[in-house]
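User: I am new to this structure. Please pick one part and take me through it closely, step by step.

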Amino acid sequence: MHASWAPAYPRKPFGVRLEVSGRGTEFTVTATLANGSARPWNAARLALDTPSGWTVHAREAAAAPRLDPGERLTVHWRLTRPQVSTATTLTCRGTARHGDDEVTYTATAPVS
């Protein structure tokens, strides 16, 4: 029976992925909300939580009216912190409507 099992189940990307690049006081943050489900999501959005005093500039819209199955919403932010400080962790939340329910995913990434 084991011989009939697939060695790997190919999955579409699902949830939120967060990547941070840069050092010192300037960073680029990329977040992706991926709909790996079989149903469309509505009112999709990404929100980035940063410490007080940081400057945040989104390079594109952080919301989409609809994400069909397999689609992604990707946002790039430019972050500037007031001074080089201790390491911290950034958190990104991705939300969308799925029928009458809201789906929420989070991802974190360290910043040094």
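Analyst: Two strands count as paired if DSSP finds at least two bridges between them. The model is predicted.

Strand E3 covers residues 41–49. On one side, E3 is joined by four bridges to strand E5, residues 63–67. These two strands run antiparallel. E3 also pairs with strand E7, residues 88–98, through six bridges. That pairing is antiparallel too.

Now take single residues. Asn-42 has Arg-66 as its bridge partner in E5. In E7, Asn-42 is partnered by Arg-97. Further along, Ala-44 has its E5 bridge partner in Ala-64.

Step back to the sheet. It is open and has four strands, in the order E5-E3-E7-E8. Its pairing is antiparallel. E5 and E8 (101–111) each have a single partner strand, so they stand at the edges, with one side of each left without a neighbour in the sheet. From one strand to the next, the twist averages 20 degrees.

In a regular strand, side chains alternate between the two faces of the sheet.

Next, the loop. Ser-37 sits between strand E2 (26–34) and E3. Is Ser-37 buried or exposed? Its relative accessible area is 18%. Buried means under 20%, so Ser-37 is buried.

What does the side chain of Ser-37 touch? Another goes to the side chain of Trp-41, at 3.4 Å. Leaving aside neighbours within four places in sequence, Ser-37 is in contact with Phe-14 and Pro-69.

Key
Residues are numbered from 1 along each chain as its sequence is written. This is a predicted model: local features need pLDDT of at least 70, side-chain atom pairs count only at pLDDT 80 or more; totals for chains, interfaces and linings use all residues. Side-chain values use heavy atoms; hydrogens and water are left out. Axes are lines fitted to C-alpha atoms, for helices over the stretch in contact, and angles run from 0 to 180 degrees between N-to-C directions. Buried means under 20% relative accessible area, exposed over 50%, partly exposed in between (1.4 Å probe, protein chains only). A polar contact is a pair of N or O atoms within 3.5 Å; within protein, one must be able to donate a hydrogen and the other to accept it, and residues adjacent in sequence count only if both atoms are side-chain atoms. Contact means heavy atoms within 4.5 Å.
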